[in-house]
Amino acid sequence: MALEGIKNKLQQLRLEADASAEKVEELTTKVKTLEQENLAKEQEITSLTHRNQTLESEVEQLDAGHKDMKSQLDQTGQHGSQNEALQRKLQILEEEAEEADKNIRETNDKYRQADVKAGHYERKVQALESARDQWEEKYEEMAKKYAQVKKELEDFMGEIGNI
């Protein structure tokens, strides 16, 4: 009767140890996946930061071109075709500057969103690593319990064999 109880307990501990090992493996895989996603988000942030810098440079160039055109327009007191051409160039430069400004705002928004997501994924990774560590500790405890119960069973079997 006691032997049957120990065998059941041993079987139960084996099942729990197996389940713990599977959970550790699953959490490890999930951590790796989240780390890869985090790396991808960091790369996206880097890309967006570079794009933002490029667009800011472009805006500065367009602003300089806009100022040049405006000063040329002011200096040329001529009306006619030259003045109209400068007006068109000025209008085009203003539109390009507005478009570049819009692109900068969109890039900044994407950068902020990516930064928030990266922080979120970092917190997720930390939580999963903590859960994995807990499962590993539980697995180690179960392994110790299993070894202890197995030793008790062997001792018990030895005592029964001596009887």
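Visitor: Is His66 buried or exposed, going by its relative accessible area?

Guide: His66 has a relative accessible area of 16%, so His66 is buried. The model is predicted: local features need pLDDT of at least 70, side-chain atom pairs count only at pLDDT 80 or more, and totals for chains, interfaces and linings use all residues. Residues are numbered from 1 along each chain as its sequence is written, and side-chain values use heavy atoms, with hydrogens and water left out.

Visitor: Where is the place of His66, and which residues does His66 touch?

Guide: A helix here is a DSSP run of H or I with at least four residues, and a strand is a run of E with at least two, numbered from the N terminus. His66 belongs to helix α1, which covers residues 2–75. Contact means heavy atoms within 4.5 Å. Leaving aside residues up to four places away in sequence, His66 touches Leu90, Leu93 and Glu94.

Visitor: Which residues does Ser20 touch?

Guide: Ser20 also lies in helix α1. With residues up to four places away in sequence not counted, Ser20 touches Trp135, Lys138 and Tyr139. The relative accessibility of Ser20 is 2%, so Ser20 counts as buried.

Visitor: What separates the C-alpha atoms of Ser20 and Gln43?

Guide: Ser20 and Gln43 are 23 residues apart along the chain, and 34 Å separates their C-alpha atoms. For Glu96 and Val59, 37 residues apart in sequence, the C-alpha to C-alpha value is 8.3 Å. Ala2 and Val116 are 114 residues apart along the chain, with C-alpha atoms separated by 58 Å. Ala2 lies in helix α1, and at 48% relative accessibility Ala2 counts as partly exposed.

Visitor: In which helix is Thr107 found, and is Thr107 buried or exposed?

Guide: Thr107 is found in helix α2, residues 81–162. The relative accessible area of Thr107 is 1%, so Thr107 is buried. Thr107 touches Leu48, Arg51, Asn52 and Leu55, again without residues up to four places away in sequence.

Visitor: Which residues form the negative surface patch?

Guide: A patch is made of residues with over 30% relative accessible area and no salt bridge; like charges are joined within 9 Å, and nonpolar side chains (Val, Leu, Ile, Met, Phe, Trp, Tyr) within 5 Å. Lys and Arg count as positive, Asp and Glu as negative, and His and the chain ends are not counted. The place of a charge is NZ of Lys, CZ of Arg, CG of Asp or CD of Glu. Areas come from the Shrake-Rupley method with a 1.4 Å probe, and for residues only the protein chains shown count as cover. In this structure Glu58, Glu94, Glu95, Glu96, Glu98, Glu99 and Glu106 form a negative surface patch. Helix α2 gives the largest share of the negative patch, six residues.

Visitor: At what relative accessibility does Glu96 count as partly exposed?

Guide: The value for Glu96 is 37%, so Glu96 counts as partly exposed. The place of Glu96 is in helix α2.

Visitor: To how many salt bridges does the count come?

Guide: A salt bridge is a side-chain nitrogen of Lys or Arg within 4 Å of a carboxyl oxygen of Asp or Glu. By this rule there are seven salt bridges. One of them joins Asp101 and Arg105, whose closest N and O atoms are 3.9 Å apart. Both residues lie in helix α2, four residues apart, about one turn of the helix. Asp101 is partly exposed at a relative accessible area of 36%, and Arg105 is partly exposed at 48%.

Visitor: Which residues are linked with Arg132 in a network of salt bridges?

Guide: The network links Arg132, Asp133 and Glu136. The side chains of Glu136 and Arg132 meet at 3.7 Å, N to O. Glu136 and Arg132 are four residues apart in helix α2, so about one helical turn separates them. Glu136 counts as partly exposed at 30% relative accessibility.

Visitor: With which residue does Asp155 form a salt bridge?

Guide: Asp155 forms a salt bridge with Lys151, and the closest N and O atoms are 3.2 Å apart. Asp155 and Lys151 are separated by about one helical turn because they are four residues apart in helix α2. At 39% relative accessibility, Asp155 counts as partly exposed.

Conventions: Buried means under 20% relative accessible area, exposed over 50%, partly exposed in between (1.4 Å probe, protein chains only).
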